[in-house]
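I opened this notebook to record what I looked up, one entry at a time.

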Amino acid sequence: MYNRRFPFHHTPASGKRLDFIRIMIAIIAEKPSVGQEIARVVGATEKKDGYIVGNGYMVTWALGHLVSLALPDAYGYTRTTAEDLPMLPEPFRLVERQIRTDRGMVTDIAAGKQLKIIDEVFSKCDSIIVATDAGREGELIFRWIYSHLGCTKPFKRLWISSLTDEAIREGMASLKEGTGYDSLYAAADSRAKADWLVGMNASRALAAASGSVNNSIGRVQTPTLAMICARFKENREFVPTDYWQLSVTLKKGDDFRQFRHVENILEKTEADRLYDRITTDSMATITKTERKRGFQAPPLLYDLTALQKDCNVHLDLSAEKTLAVAQSLYEKKVISYPRTGSRYIPDDVMRQVPDLLRGVISMKEFREYGGTLDWDNLSTRSVNAGKVTDHHALIVTGVQPVMETLNEQELAVYRMIAGRMLEAFSPKCEKETLVIETTVDGLTFRSHSVSVVKPGWRVVFNRSEDKENDEETENKGTARFDESETVPVSGRSLAKKKTMPKPLYTEATLLAAMESCGKELADEEAREAMKELGIGTPATRAAVIATLFKREYVERSGKALVPTDKGMAVYEAVKKMRVADVELTGSWEKTLMQIERHKLAPETFMRSISVYARQVTEEVLSIRFPETASGGIVCPKCGKGKIILRQKLAKCNNDGCGLLVFRRFLNKGLTDQHLAQLFSSGTTKLIKGFKGKKGTAFDAALAFDKEYNVTLSFPKPQVRNAPKQSGRKNTGRKSTRH
């Protein structure tokens with residue numbers, strides 16, 4: 001079916017054999033493991049260096065982004081000075097992937113080698129099948145390679161949502177015209193260039209203004225930092241307010257029910273007055289008894305962001321780690337494409353769901369629940385073809401994983417996805433709400449209670465987190481009363497309460513806020529409606545959060561995300577600027593979607609970004625950072641000056657002191673945090689990845705010697721069960737002066 005070869009030989013009437021040219025088709029995947037799977041399915045079996053050939057195909061692969069936008073130096077912007085800003089390349093240049101070394105940024109040898117192989121493969125083939133990941137980023141990876149190599153061969157698109165053999169075969173049988181994805185590429189290319197223009201200009205402007213290089217400002221990164229910092233400030237500056245809750249207790253037989261006054265009381269004197277007003281002689285009249293049957297709909301299927309949130313809550317995995325684990329499961333063919341932004345499936349996929357669910361309930365943890373599932377009335381809440389974007393929601397593929405081949409984290413994430421499928425297609429949770437109101441001496445009290453009648457989908461995991469807010473009640477007792485019934489008051493209480501601040505962000509709640517553009521939206525459907533205004537995409541949010549940690553802007557306190565002093569300083573400097581505006585950034589994500597949907601020309605978007613980059617650069621350059629950029633650390637040498645952090649060094653601002661530390665030591669660039677540790681305590685924590693003269697990697701701390709030169713300091717080796725020897729002492733390794 002997939003053999004595209006013409007007959008190799010033909011014998012005409014003359015009796016002479018004429019050799020016909022074999023038609024070869026190139027297939028390019030995003031990474032080797034995916035390329036090897038596709039090669040196996042299409043019948044290419046002969047392995048070469050960087051590609052596999054056979055059955056009329058040459059299957060090769062990228063190694064992620066082999067090509068990227070050139071760095072500022074390539075355009076002649078070699079200095080980090082205000083005079084060179086803003087940088088507005090026209091046109092942008094593509095270069096082979098660059099990596100950072102102790103010699104600065106250099107071309108990645110592995111990327112250069114694979115690009116030559118891809119170029120060779122393309123040159124030997126008549127056409128190309130694009131099999132990079134079917135999404136915005138995957139399209140960009142191929143198009144930049146294609147453009148950088150100057151290739152003009154026609155290409156078609158393999159667009160699949162899983163790597164099962166069946167999905168690959170079906171995709172190969174229904175290849176799409178490559179030009180049909182031009183708008184997807186335009187959106188991806190525009191996003192990358194917008195990030196370059198804003199990020200490079202704002203970051204260099206910040207470096208010029210602050211004198212520190214381990215800083216960056218980004219189109220999505222900075223609004224995300226702003227959300228974390230603003231919440232942290234709000235939480236820490238929150239002043240709790242006292243209020244009082246008045247309650248009465250009514251008895252009926254051996255049972256009772258507690259009722260709470262319908263209004264919180266803000267003044268202690270008023271609370272005491274109302275409390276004293278109720279006595280043991282007071283009578284309560286039941287004015288309302290209302291029962292309502294309600295439903296809690298099953299959750300929608302996972303998209304990447306929803307999976308990352310739940311994995312952070314239940315498995316304590318970071319967003320970045322969750323994505324890595326999901327990608328591994330995808331490449332093992334057991335789940336569909338993970339970088340999806342949709343929580344819905346189309347009708348044709350729904351037809352496969354019963355068989356997929358039978359595979360899920362074969363897992364021991366779901367077997368018992370599977371015996372109760374109503375197969376004739378599966379929920380269709382997650383079925384809506386109109387809400388499916390590039391890829392449908394995350395589901396299992398039907399390929400049963402070999403559990404022994406999954407590590408602990410892969411198994412846990414797979415169970416989350418499989419269990420969510422069971423939840424999504426299960427019946428609603430049925431609940432009964434009982435509201436009883438009573439009056440006592442002219443005061444209205446209410447009891448609100450919720451009981452689960454049929455748990456439905458909530459049985460799958462039976463988590464307390466699945467309870468809705470209305471189920472959390474402080475009212476006690478289960479006694480039932482009828483309207484107009486009069487009951488003596490058997491007890492009263494007055495409780496002092498305090499208002500509480502909004503909690504600090506965790507990765508889970510931050511992802512939710514990024515998805516809904518910083519708005520507090522608990523309702524699942526409301527968040528879905530806000531998705532196009534979110535900041536970042538499901539595929540990029542994890543990397544944005546990781547960058548905040550890399551820049552030392554944010555750190556973890558338990559599960560909470562808290563800004564460092566450095567992160568807060570950057571936030572305070574830019575919080576009123578356009579670059580920190582969450583909603584503005586969110587509107588750009590919507591604009592990129594319009595490009596993708598052919599509703600906006602990319603040139604229009606890029607013109608607005610160029611104007612914006614100029615404005616942001618001017619704003620950031622206007623910041624005046626204090627000289628004590630290190631946080632006011634007193635010089636450990638002279639005890640008089642303050643330490644100033646600069647782009648390439650840190651020094652004491654006391655002219656007579658002379659203490660100076662360069663940021664590069666051996667092959668390592670020292671961060672602001674490293675320098676702060678060194679100057680404040682005389683030593684850093686262990687730094688990993690130093691390299692000796694022979695290229696051997698080792699870990700060490702940095703410390704000052706008696707003359708305040710920087711030296712390597714090695715941890716003392718731990719000697720276990722060593723026999724005692726008189727007169728000898730284990731002193732460990734000595735510091736080595738550099």
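I looked up E471 and R458 and found that both are buried. The two form a salt bridge, with the closest N and O atoms 2.8 Å apart. I noted that E471 and R458 each sit in the loop between strand 18 (443-454) and strand 19 (486-498), 13 residues apart. The model is a predicted one, and I read every entry here with that in mind.

Next I asked how many salt bridges a search of the whole structure finds. The search gives 45.

I then took the pair R339 and D133, whose side chains meet in a salt bridge at 3.9 Å, N to O. R339 lies in the loop between helix 9 (319-331) and helix 10 (347-350), and D133 in the loop between strand 11 (127-131) and helix 3 (136-148), so this pair ties together parts that are 206 residues apart in sequence. D133 has 5% relative accessibility and counts as buried.

The pair K233 and E572 came next; their side chains meet in a salt bridge at 3.0 Å, N to O. I placed K233 in helix 6 (residues 221-237) and E572 in helix 17 (residues 565-574), so the pair ties together parts that are 339 residues apart in sequence. K233 counts as partly exposed at 22% relative accessibility. E572 is partly exposed too, with a relative accessible area of 33%.

I also noted a network of salt bridges that links E137, R191, D195, R219 and E589.

I turned to helix packing. Helix 14 (residues 507-515) packs against helix 16 (residues 541-550) at an angle of about 125°, and their axes are 11 Å apart. The two helices are therefore oblique to each other. The crossing of helix 14 past helix 16 is right-handed. Which residues make the contact? From helix 14 they are E507, L510, L511, M514 and E515, and from helix 16 they are R541, V544, I545 and F549. Sorted by class, this contact has six nonpolar, no polar and three charged residues.

I checked how covered helix 14 is, and eight of its nine residues are buried. Among them are A508, A512 and A513. Just after helix 14, I found C517 with a positive phi of about 60°.

Methods:
Residues are numbered from 1 along each chain as its sequence is written. This is a predicted model: local features need pLDDT of at least 70, side-chain atom pairs count only at pLDDT 80 or more; totals for chains, interfaces and linings use all residues. Side-chain values use heavy atoms; hydrogens and water are left out. Axes are lines fitted to C-alpha atoms, for helices over the stretch in contact, and angles run from 0 to 180 degrees between N-to-C directions. Helices (H or I, at least four residues) and strands (E, at least two) are DSSP runs, numbered from the N terminus. Angles under 35 degrees count as roughly parallel, over 145 as roughly antiparallel, 65 to 115 as roughly perpendicular and the rest as oblique. A crossing is left-handed if the near helix is turned anticlockwise from the far one by less than a right angle, and right-handed if clockwise. Contact means heavy atoms within 4.5 Å. Ala, Val, Leu, Ile, Met, Phe, Trp, Tyr, Cys and Pro count as nonpolar, Asp, Glu, Lys and Arg as charged, and the others, Gly among them, as polar. Buried means under 20% relative accessible area, exposed over 50%, partly exposed in between (1.4 Å probe, protein chains only). A salt bridge is a side-chain nitrogen of Lys or Arg within 4 Å of a carboxyl oxygen of Asp or Glu.
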